Amino acid sequence: MGLTESDTDFVTNASAQIIVLEARIQKLIESADSQKAVLAGKIVQIEATLNQQIVELNTKIAAARATINTIAANQKD
């Protein structure tokens, strides 16, 4: 018992659909990789901004401590 023309057509169509799906999946993977790279860049920018803000806050805290220490020293006199 051999394959009928209908069987051959089915296999041909299925193969074509698989090729199309593989191409779509590859495009999705490439898009995801691209988006991942963009997000990684944004994360680096956010980290840099947060680190800068931490430095600025530490500077302000140090200045506030110095002021408090000066006030405390002046009150002892």
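## A14 and its helix

A14 counts as partly exposed because its relative accessible area is 25%; here buried means under 20%, exposed over 50%, and partly exposed in between, using a 1.4 Å probe and protein chains only. A14 sits in helix α1. Helices (H or I, at least four residues) and strands (E, at least two) are DSSP runs, numbered from the N terminus.

This is a predicted model, in which local features need pLDDT of at least 70 and side-chain atom pairs count only at pLDDT 80 or more, while totals for chains, interfaces and linings use all residues. Residues are numbered from 1 along each chain as its sequence is written, and side-chain values use heavy atoms, with hydrogens and water left out.

## Overall shape

The fold count is quick: 1 helix and 0 strands. Helix α1 covers residues 5–76. Along the principal axes, the C-alpha atoms take up a box of roughly 110 × 20 × 10 Å.

The radius of gyration is 33 Å, whereas a compact globule of 77 residues would come in near 11 Å. That radius is taken over C-alpha atoms, and the globule rule is 2.2 Å times the number of residues to the power 0.38.

## Distances along the chain

A62 is another residue of helix α1, and it is partly exposed because its relative accessibility is 43%.

## Surface and charges

As for burial, 0% of the 77 residues count as buried. The accessible surface is about 7,100 Å², with 62% of it belonging to carbon and sulfur atoms; such areas come from the Shrake-Rupley method with a 1.4 Å probe, and for residues only the protein chains shown count as cover.

Now for the charges: the mean positions of the 7 positive and 9 negative ones lie 21 Å apart. Lys and Arg count as positive and Asp and Glu as negative, leaving out His and the chain ends. Each charge is placed at NZ of Lys, CZ of Arg, CG of Asp or CD of Glu.
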